[in-house]
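Please look over the sequence and the structure below before reading on.

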Amino acid sequence: MAQKYVRKKIRRDVDAFRSTAAWTAKSAEIRMRDLYCCRLCLAEGRITMHDLGVHHIVPLMADFDKRLDNDNLITLCASHHRPVSYTHLRAHETLMNLV
């Protein structure tokens with residue numbers, strides 16, 4: 001029962017974090033660092049500069065302390081962000097090499 005409560009609290013913290021000024025500023029900083037390009041597209045030889053989002057390589061639910069860590073953040077286009085979010089364990093090493 002206690003573990004379920006902790007997960008709910010973390011989920012609440014994660015949801016609240018996404019609307020903070022700190023996240024808004026950090027995600028803008030990461031997009032600028034990555035030159036407003038999807039890093040996975042760039043690694044594949046393409047330049048994609050639309051529908052971008054900033055992805056947490058180590059998910060917020062796994063390690064909330066890394067939420068603003070530059071080495072844990074990468075700019076991805078929507079077509080890469082969705083699949084990576086669901087297969088983060090396999091993609092983790094690849095993404096870390098691109099940061």
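The sections below take up these topics in turn.

## About the model

This is a predicted model, in which local features need pLDDT of at least 70 and side-chain atom pairs count only at pLDDT 80 or more, while totals for chains, interfaces and linings use all residues. Residues are numbered from 1 along each chain as its sequence is written, and side-chain values use heavy atoms, with hydrogens and water left out.

## Aromatic rings

A pair of aromatic rings is described by how far apart the centres are and by the angle of the planes. Here rings of Phe, Tyr and Trp (its six-membered ring) pair if their centres lie within 6.5 Å, and planes under 30 degrees apart count as stacked, over 60 as edge-to-face and the rest as tilted. By this rule the count comes to 2 aromatic pairs. One of them joins F17 and W23, with 5.4 Å from centre to centre and 50° between the planes, a tilted arrangement. The rings of F17 and F64 have their centres 6.0 Å apart and their planes at 80°, so this pair is edge-to-face.

Helices (H or I, at least four residues) and strands (E, at least two) are DSSP runs, numbered from the N terminus. Because F17 lies in helix α1 (residues 2-17) and F64 in the loop between β1 (52-56) and β2 (73-77), their pair ties together parts that are 47 residues apart in sequence. Together, F17, W23 and F64 form one aromatic cluster. F17 is buried at 5% and W23 is buried at 9%, whereas F64 is partly exposed at 23%.

## Salt bridges

Side chains of opposite charge can pair when their charged atoms come close. A salt bridge is counted where a side-chain nitrogen of Lys or Arg lies within 4 Å of a carboxyl oxygen of Asp or Glu, and the count by this rule comes to 4 salt bridges. One of these joins K26 and E29 at 3.3 Å, N to O. These two residues are 3 residues apart in helix α2 (residues 21-33), which means that they are separated by about one helical turn. K26 counts as buried, with 13% relative accessibility, while E29, with 36%, counts as partly exposed.

R33, D34 and R39 are linked in a network of salt bridges. D34 is buried, with a relative accessible area of 3%, whereas R33 is partly exposed, with 32%.

## A nonpolar patch

M32, Y36, L42, I47 and M49 make a nonpolar surface patch of about 550 Å². Patches are made of residues with over 30% relative accessible area and no salt bridge, where like charges are joined within 9 Å and nonpolar side chains (Val, Leu, Ile, Met, Phe, Trp, Tyr) within 5 Å. Accessible areas come from the Shrake-Rupley method with a 1.4 Å probe, and for residues only the protein chains shown count as cover. M49 lies in the loop between α3 (39-43) and β1, and at 52% relative accessibility this residue counts as exposed.

## The strands

Two strands pair if DSSP finds at least two bridges between them, and β1 and β2 pair in the antiparallel sense over 5 bridges. In this pairing, G53 stands opposite L76 in β2.

In a regular strand the side chains alternate between the two faces of the sheet. Both faces of β2 are covered, with L73, T75 and C77 buried on one side and I74 and L76 buried on the other. Since 5 of the 5 residues of β2 are buried, this strand is largely enclosed by the rest of the structure.

Key: Buried means under 20% relative accessible area, exposed over 50%, partly exposed in between (1.4 Å probe, protein chains only).
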